[in-house]
4 protein chains.
Amino acid sequence: MPVTAAPDLQAIIDRIAEEMAGQADRGKVADYIPGLARVDPKHFGISIATHDGKMYSAGDAAMPFSIQSVSKVFALTIALGKVGDSLWQRVGREPSGNAFNSIVQLEAEHGIPRNPFINAGAIVVADVILAGHQPKEAIGEILRFVRQIAGDDGIMIDDEVAKGEAETGFRNAALANYMRSFGNIHHPVEQVLGVYFHQCALTMTCEQLARAGRYLMLEGQHPDTGFNVISPMRARRINALMMLCGHYDGSGEFAFRVGIPGKSGVGGGIMLIVPGIASIAVWSPGLNDRGNSTLGSLALERLAVATGWSVFNQREPG
Amino acid sequence: MPVTAAPDLQAIIDRIAEEMAGQADRGKVADYIPGLARVDPKHFGISIATHDGKMYSAGDAAMPFSIQSVSKVFALTIALGKVGDSLWQRVGREPSGNAFNSIVQLEAEHGIPRNPFINAGAIVVADVILAGHQPKEAIGEILRFVRQIAGDDGIMIDDEVAKGEAETGFRNAALANYMRSFGNIHHPVEQVLGVYFHQCALTMTCEQLARAGRYLMLEGQHPDTGFNVISPMRARRINALMMLCGHYDGSGEFAFRVGIPGKSGVGGGIMLIVPGIASIAVWSPGLNDRGNSTLGSLALERLAVATGWSVFNQREPG
Amino acid sequence: MPVTAAPDLQAIIDRIAEEMAGQADRGKVADYIPGLARVDPKHFGISIATHDGKMYSAGDAAMPFSIQSVSKVFALTIALGKVGDSLWQRVGREPSGNAFNSIVQLEAEHGIPRNPFINAGAIVVADVILAGHQPKEAIGEILRFVRQIAGDDGIMIDDEVAKGEAETGFRNAALANYMRSFGNIHHPVEQVLGVYFHQCALTMTCEQLARAGRYLMLEGQHPDTGFNVISPMRARRINALMMLCGHYDGSGEFAFRVGIPGKSGVGGGIMLIVPGIASIAVWSPGLNDRGNSTLGSLALERLAVATGWSVFNQREPG
Amino acid sequence: MPVTAAPDLQAIIDRIAEEMAGQADRGKVADYIPGLARVDPKHFGISIATHDGKMYSAGDAAMPFSIQSVSKVFALTIALGKVGDSLWQRVGREPSGNAFNSIVQLEAEHGIPRNPFINAGAIVVADVILAGHQPKEAIGEILRFVRQIAGDDGIMIDDEVAKGEAETGFRNAALANYMRSFGNIHHPVEQVLGVYFHQCALTMTCEQLARAGRYLMLEGQHPDTGFNVISPMRARRINALMMLCGHYDGSGEFAFRVGIPGKSGVGGGIMLIVPGIASIAVWSPGLNDRGNSTLGSLALERLAVATGWSVFNQREPG
């Protein structure tokens, strides 16, 4: 099936939102911090920002949620802007093959996390962003960046969520201290985690998140300003990383079923990039056993079928 | 960069072949069996079979080599044809995050290999193909299948290589016995390994291999006969699996640099599928430290840049 | 409490045997082969051979059982006699810290098993004994050795048990093949396992086993002949190895509770050595969750309390 | 060889000290903190406190050194006094089979460290001692305890060493945070580590350390006061734990060569307990590749041979 010519996106996502409303099995909302635990699992929202500047939304697309690990994509973009490919000396680019918070691989690989989308890797990225900054400044830089790429100054960080993460984040503190013991964290652990926890506490709507992802659809170019957020090659490579490592230990399953690069977060959000075509955000807070949004994954599988957007679909030859 | 309209493929691969001839660092030829060890590292060949039935070749494209693990793609196709999606109860679909012959993950995951492209997974696939057969018949079925999809009855299995594998394949015997202890191998280990070692000993030229891969470029359809080798969805999913797991513990690096699904073998061959556009085979026997062809990987990276064929490139919207 | 002067051993073990008869929780009989599965969990036997040539028995002390891993002590003694301390280049002397059949440690330590009392280590020991022999001869050598140290030509190997092990021993076959891939097994795996499985199938009574252990009580000297089975230093070191590694991943617990070197087997037997004082065998087929005889362990704990024989007890200063 | 009747201990240790002075290979002094790194590897000291109240010393037996992990024995004694056997629900009693600071086992065993003598286990013990205390009080309690059992109020904690540990102890911070994520650390990590690092910074001479160990030689009884520091059964069990786990991943080797329970520290000290006979301290700062004192281990091996004090030696039957 070739890429569908001009699918009626609004009709497709309206139908999907309706189907999702009828789903009984929604998984389990993350409950390790109050700010996530009290979210109603009934929510489902989806937004699609297309290459031609249009926006399609359905369901709770205007309701803010905690983007959590989706933020790792934006943080990676900032870090690559700061230190370029030297980043890859401190973080790998391979799928992890273990649960997202595993510490075992770190021992075997001497403190170098496998990729920037597992927690350990994202903590190294936060350490890179922190360089030359006070923690508050680094957090401010991340917030400004996300507001800019989304073109929306209303995006906020939820301090209560950040505080909740800090109070329960002993495993992340273990990871950070462990990497510091190998010399792969350069700043005080509390500061690095402060940046990381605030980054994860970014609160966005599906519309904002879909808009924020547009530069990755457009080979790094910001659609509102024409400014290059990142080079075309780096944009492609971030998409490749999302394809291989974007959904914790369910990345293979997601590639198998959806076939489009994306990044999920424990708040139930998933950002999906169809290169050249669309930037998509979906949100439903219930998680499957791999920690990815149950309905979000299902909705995206149906969207991929309806649109033919899998990168593994036949493409029109040039 | 959009998919290049009608790139001059012959010129591109001629240039790449020339560049490869000048490369000093060719890695190390696999030397664990004589049949592989005596191959001259100087070889380099490449062939591209395009969607419109053309074939472009350069270098040693007509020289036969041992396809080794590239055969896992064909075996997976046969096994899916035999038992369908029930196969996935015995083999996972996630990247392994470990060296290609690691036995640790098997212990943690109770004898279920992570995916069909690591050795353990391919041995389970061989066990599936063996069901209802004598080993010779199963080997015959694999050989017939590959001859048919390549449209070439001259393809052979190198018995000396198969014998060499059997004589040194203690780690594979360990994997097979270990999985049998969990009940995930159903036939006598010697028989299963016999099938597996013969499958790995398939000897093909780049041209034959590029032709054999065409059904994966064409959503499962055989271009010579119009027959569906496999359903479109399964073809896409095999491509997704190759993207995530096709190059051992270098799959992330390959996706990052090349961005096209492919499968490598320790004989120095790589098969690459650009959905809807091209089926590619490259061969150069020297391997990098992840066990993938050094020049093969480099050549494919340059080909991806020259053609814009990365699946993460912008696509022409429909 | 100093070593009890002349405890009334017969009274002690009669009382213990009576207490054991009343125990409800006997654990679970090993059921992976028919030859073990059909043993009645009601059995309990104990024998003590003392330094002064006396023998005390209670319960089913005259009933033969499969000594299984207890045989590893005798095989180690033979192998040290053949190759001396060079054995320690192929097997370690550290506790394993993992389940007794774990393959993970082997991967981390390049095919060198941690000690001769885990399965992998015992398979290397069997490989050493096999050197220069046909498998049947090696098995004969082991049988002759055990008959000699026990002073009893009635000791037999249970061929049905050996056959059962071979038919289900896929994990041992995995271990052996895996070590062979590192070069740490020198003979064909089937032959090595043949020796190993027959050694494990040695069938002995408590009385025979207590007699067989006397050389380890007497610093290597055979009490019947005065012949040195092994040097005093090696006898002490085998005892040290039993103390640290004799009960799989329950060795710490056993040392903590009993404080006497011993070796357990999955058939429910335990051999215990009190240096200079006694060689003890206990048998009860039900196993605890670490794979050691439930009643056997409990009986020995009570015996240690009643006699003061723990090596960690105060000793009379010289 | 039975326990030597009245060996001339002074002559034996004088000879050993002389032999040690001539040893070229002294290993490597721990250099991760300045307080340890600047110690001269030339030092060697040994002291033996015997059951009859005598003290024998040779070499630098009056020179203070950092006892480091030897302190884990004293901390365990205090913790058992506080919470009794309930401690064993939070710490195991099995050898670890991994490097002393490994975090892998903790992941596999859900935050329960294998024994109280690996760092993770000792941090749990410190958490137990901290209960109901301010950190300073807990540190004070440990110091008072050690002064009391040694009968020497001159024993101090080296604050510079404690500070150095805190500044470089990222791996211990990782362990503590990791266990806290499993709920097995109850107090703030900084406080627990504060107690642990000060405990490790106890500074003692060989004479003081040999005197401090006397209660373990005497089944828990304090020789100066007759007071029971700990019950006889617990004293025996601490000795058993030292035998199985006292020397990191070199415990098997030490049991094999020396055959006497002991505990080593990275400062180069080893405390050794011969039940009923002697409490021994040896010190030489150079470490072998397992982290145990090179000369200390060698000296104790020679002492064991000269005295026949191995617990695996023949004992005089009662």
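Colleague: Which rotation superposes chain A on chain D in this predicted model?

Modeller: Chain A goes onto chain D with an RMSD of 0.0 Å and 0.0 Å of shift along the axis, by a rotation of 180 degrees. The two copies are thus related as by a two-fold rotation axis. In chain A, the C-alpha nearest that axis is 1.9 Å from it and belongs to A:Ala174, and the rotation itself is 180 degrees.

Colleague: What pLDDT do local features need here?

Modeller: Residues are numbered from 1 along each chain as its sequence is written, while chains are lettered from A and ligands numbered from 1 in the order in which they are written. Side-chain values use heavy atoms, with hydrogens and water left out, and in this predicted model totals for chains, interfaces and linings use all residues, side-chain atom pairs count only at pLDDT 80 or more, and local features need pLDDT of at least 70.

Colleague: Which residue of chain C comes closest to the axis that relates chain C to chain D?

Modeller: Chain C is superposed on chain D by a rotation of 180 degrees, with 0.0 Å of shift along the axis and an RMSD of 0.0 Å. The copies meet through the same surface, because 100% of the interface residues of chain C are also interface residues in chain D. At 2.2 Å, C-alpha to axis, the closest residue of chain C is C:Gly97.

Colleague: How far apart are the nearest C-alpha atoms of chains A and C?

Modeller: Contact means heavy atoms within 4.5 Å, and chains A and C do not touch. Chains B and D do not touch either, with their nearest C-alpha atoms 10 Å apart. For chains A and C the separation is 10 Å.

Colleague: How many residues of α12(A) are buried?

Modeller: Helices are DSSP runs of H or I with at least four residues, and strands are runs of E with at least two, numbered from the N terminus. The buried residues (under 20% relative accessible area; exposed is over 50%, partly exposed in between; 1.4 Å probe, protein chains only) include A:Arg236, A:Arg237 and A:Asn239. The helix is largely enclosed by the rest of the structure, so its buried residues, out of 14, number 11.

Colleague: At roughly what angle do α5 and α9 of chain C cross?

Modeller: Axes are lines fitted to C-alpha atoms, for helices over the stretch in contact, and angles run from 0 to 180 degrees between N-to-C directions. The axes of α5(C) (residues 119-130) and α9(C) (residues 189-200) come within 9 Å and cross at roughly 105 degrees. That makes the two helices roughly perpendicular (65 to 115 degrees; under 35 is roughly parallel, over 145 roughly antiparallel, the rest oblique). The angle is roughly 105 degrees.

Colleague: How many residues of that contact are nonpolar?

Modeller: From α5(C) come C:Asn119, C:Ala122, C:Ile123, C:Ala126, C:Asp127 and C:Leu130, which meet C:Gln191, C:Val192, C:Leu193, C:Val195 and C:Tyr196 of α9(C). Ala, Val, Leu, Ile, Met, Phe, Trp, Tyr, Cys and Pro count as nonpolar, Asp, Glu, Lys and Arg as charged, and the others, Gly among them, as polar. The contact has 1 charged residue and 2 polar ones, and its nonpolar residues number 8.

Colleague: Is A:His110 buried or exposed?

Modeller: A:His110 lies in the loop between α4 (104-108) and α5 of chain A. Its phi is near 55 degrees, positive in a residue other than glycine. With a relative accessible area of 55%, A:His110 is exposed.

Colleague: And is D:Tyr248 buried or exposed?

Modeller: D:Tyr248 is in the loop between α12 (232-245) and α13 (251-257) of chain D. Its phi is also positive, about 55 degrees, although the residue is not a glycine. At 7% relative accessibility, D:Tyr248 is buried.

Colleague: What is the relative accessibility of B:Ile48?

Modeller: B:Ile48 lies in strand β2 (residues 45-50) of chain B. Beyond four places in sequence, its contacts include B:Leu9, B:Met55, B:Ile280 and B:Trp309. B:Ile48 counts as buried, because its relative accessibility is 0%.

Technical notes
Copies are superposed by least squares on the C-alpha atoms of residues with pLDDT of at least 70 in both.
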